[in-house]
Amino acid sequence: MTAGGPAETGPRPAGGPGAPAGRRQLGATDVKRLNRSWRRRTEGRLGLLLDCVAQPFNVGSIIRTAAAFGVDQLWLCGDSATPEHPSARKTALGTDRYLPWEQLPDARAGVLAAREQGLLVVAIELAGSAVPLYEAPLAGDVCLALGNEDRGCSAGLLAAADVIAYIPQAGKVGSLNVAAAAAIALAEARRREWAGAAPLG
């Protein structure tokens, strides 16, 4: 629904009736073709570790984003909700089938599991020793780690991670929702890889 306009009641024409042909929304087949082209440009392995992310709808949202960015493995640590929770399933919209996951007792176990797969563990947290996300070493095989909705990353995770990075914010908001932070971090990791790849075409 556009601001101030009526709610839409049926399928919207791709791009609207007045949109130039080159600016119309892609159909399902074209979207699949475009996504395949980006998969061919993607070589780095990407893991995700959630440290006591307890709200199922956050986990479901993160799963959907992780599946979109081609995350290879999800580690759910501590009391993180699992993809099997009804609210997580509802938010993930079936994308959990694309994402292998493992439940582990704590974040230290998750970090060890990621390292065993050759991943550099980058915790996303507002911490004194953290570097801005755009300066973090995200090239190659990386596991991004995020913490609890209220408490953030545990002391155990911050001690075990290879790098701590934060997402710069210019506004007056103190922090981001964990699902939003995960989306930003995953997008930056892939952007960094794709920026060095050959142009599409």
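Biologist: Which backbone nitrogen lies 2.7 Å from a polar atom of the side chain of Asn-177?

Modeller: That is the backbone nitrogen of Ala-179. Keep in mind that this is a predicted model. Asn-177 sits in the loop between E7 and H6, and helix H6 covers residues 178-195.

Biologist: Why does Arg-190 count as buried?

Modeller: Because its relative accessibility is 3%, and the cut-off for buried is under 20%.

Biologist: What does the side chain of Arg-190 meet in a salt bridge?

Modeller: The side chain of Glu-193, with 3.2 Å from N to O. Glu-193 is partly exposed, with a relative accessible area of 22%. There is also a network here: Glu-188, Arg-191 and Arg-192 are joined by salt bridges that share partners.

Biologist: How many salt bridges are there in the whole structure?

Modeller: A search finds seven. One of them is between the side chains of Arg-45 and Asp-141, at 3.2 Å from N to O. Arg-45 belongs to the loop between H1 and E1, and Asp-141 to the loop between strand E5 (131-132) and E6, so this pair ties together parts that are 96 residues apart in sequence.

Biologist: Which residue forms a salt bridge with Asp-162?

Modeller: Arg-115, with the closest N and O atoms 3.0 Å apart. This pair also links distant parts of the chain, 47 residues apart: Asp-162 is in the loop between H5 and strand E7 (163-166), while Arg-115 is in helix H4. Asp-162 is partly exposed at 36%, and Arg-115 is partly exposed at 35%.

Biologist: Now H4 itself. Which of its residues are buried?

Modeller: Helix H4 runs over residues 107-116, and Ala-107, Gly-110, Val-111, Ala-113 and Ala-114 are buried there. Seen down the helix axis, those residues fall within an arc of 160 degrees, so they line one face of H4.

Biologist: What is on the other side of H4?

Modeller: Leu-112 and Glu-116, which are exposed.

Biologist: What covers the buried residues of H4?

Modeller: The cover includes strands E1 (46-51), E2 (73-77), E3 (101-104), E4 (120-124) and E6 (142-146), together with helix H5 (155-160).

Biologist: What is there at the two ends of H4?

Modeller: At the start, a side-chain oxygen of Asp-106 comes to within 3.3 Å of the backbone nitrogen of Arg-108. Just after the helix, Gly-118 has a positive phi of about 80 degrees.

Biologist: Change of topic. Which residues make the nonpolar surface patch of about 220 Å²?

Modeller: Leu-26, Val-31 and Leu-34. Leu-26 is in the segment before helix H1 (28-40), and it is partly exposed at 46% relative accessibility.

Biologist: Let's zoom out. How many helices and strands are there?

Modeller: Six helices and seven strands. From the N terminus, the order is α-β-α-β-α-β-α-β-β-β-α-β-α.

Biologist: How much of the protein counts as buried?

Modeller: 39% of its 201 residues. The protein exposes about 11300 Å², with carbon and sulfur atoms supplying 55% of that area.

Biologist: And the contacts overall?

Modeller: Take the contacts between residues at least 6 apart in sequence: 78% of them join residues at least 24 apart.

Technical notes
Residues numbered from 1 in each chain as written. Predicted model: local features only at pLDDT ≥ 70, side-chain atom pairs only at ≥ 80, totals over all residues. Heavy atoms only, no water. Patch = residues over 30% accessible without salt bridge, like charges linked within 9 Å, V, L, I, M, F, W, Y side chains within 5 Å. Areas by Shrake-Rupley, 256 points an atom, 1.4 Å probe, with all protein chains shown as cover. Salt bridge = Lys/Arg side-chain N within 4 Å of Asp/Glu carboxyl O. Helix = DSSP H or I, 4+ residues; strand = E, 2+ residues; numbered from the N terminus. Buried < 20%, exposed > 50% of the residue type's maximum accessible area, 1.4 Å probe, protein only. Contact = heavy atoms within 4.5 Å. Arc of directions from axis to C-beta. Polar contact = N/O pair within 3.5 Å; in protein donor to acceptor, adjacent residues only side chain to side chain.
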